[in-house]
Amino acid sequence: MIDKEMCGILFQKYHDRVYDFCLNYLKNIHAAEDCTQEVFIIMLKKKNKIILIENLSSWFYETAKRVCKQYIKKNPIISADVDNYAEVIADVNASAEKPLYDKIYELIDKEDADILLEYINADSNQRKKMAERMGITSNALCKRIKRIKCMIQQNLTDNSYI
């Protein structure tokens, strides 16, 4: 049986690892925090059996993976890759996805949407020219695209559009 002190030690040792895993898996800070918390709740519920586990690191990762998968089933929009939404924005003629396209387009300003559309439809040479035309470096353009994608995902999550 694991006592409170040992639970604290396990929390300190594995918290950052579990959080990083969840964040990498879900690509969403809030979802990663929720899932990390759930993993440690499971650990507390199973503290009498956890002492029998040989590889605790493996147990934490497997539990985190299972919790993340459950989270995705319950909240598919939160953990979905923002690139999927960018493709919907790019495909204005996608009739089945048109409502989603309209909602996403409402979440970001026209300039950001135009930049994102151009970026996802461009190859690396076109992206370099795009950055030059905007008067920024390619690296700065990538960071701007990342911010735009995060803004879309955050707004979709906050507004529960789907």
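The legends below describe several views of one protein chain, shown as a predicted model.

View 1. Among the contacts between residues at least 6 apart in sequence, 61% join residues that are at least 24 apart.

**View 2. The packing of helix 1 against helix 4.** Helix 1, which covers residues 4-26, packs with helix 4, which covers residues 56-74, at an angle of about 40 degrees, and the axes of the two helices are 10 Å apart. That angle makes helix 1 oblique to helix 4, because an angle under 35 degrees would count as roughly parallel and one of 65 to 115 degrees as roughly perpendicular. Helix 1 passes helix 4 in a right-handed crossing.

**View 3. The residues at the contact of helix 1 with helix 4.** On the side of helix 1, the contact is made by Leu 10, Tyr 14, Arg 17, Val 18, Phe 21, Cys 22, Tyr 25 and Leu 26. On the side of helix 4, the residues that make the contact are Leu 56, Ser 57, Phe 60, Tyr 61, Ala 64, Lys 65, Cys 68, Lys 69 and Ile 72. Taken by kind, the residues of this contact divide into 13 nonpolar, one polar and three charged.

**View 4. Met 6 in helix 1.** Met 6 is found in helix 1, and with a relative accessibility of 35% this residue counts as partly exposed, because the term covers values between the limit for buried, under 20%, and the limit for exposed, over 50%. Although Met 6 and Lys 47 are 41 residues apart along the chain, their C-alpha atoms are separated by 9.6 Å.

**View 5. Asn 28 in a loop.** Asn 28 has its place in the loop between helix 1 and helix 2, the latter covering residues 29-45. The relative accessible area of Asn 28 is 5%, so this residue is buried. The C-alpha atoms of Asn 28 and Gln 153 are separated by 8.5 Å, while along the chain the two residues are 125 residues apart.

Methods: Residues are numbered from 1 along each chain as its sequence is written. This is a predicted model: local features need pLDDT of at least 70, side-chain atom pairs count only at pLDDT 80 or more; totals for chains, interfaces and linings use all residues. Side-chain values use heavy atoms; hydrogens and water are left out. Axes are lines fitted to C-alpha atoms, for helices over the stretch in contact, and angles run from 0 to 180 degrees between N-to-C directions. Helices (H or I, at least four residues) and strands (E, at least two) are DSSP runs, numbered from the N terminus. Angles under 35 degrees count as roughly parallel, over 145 as roughly antiparallel, 65 to 115 as roughly perpendicular and the rest as oblique. A crossing is left-handed if the near helix is turned anticlockwise from the far one by less than a right angle, and right-handed if clockwise. Contact means heavy atoms within 4.5 Å. Ala, Val, Leu, Ile, Met, Phe, Trp, Tyr, Cys and Pro count as nonpolar, Asp, Glu, Lys and Arg as charged, and the others, Gly among them, as polar. Buried means under 20% relative accessible area, exposed over 50%, partly exposed in between (1.4 Å probe, protein chains only).
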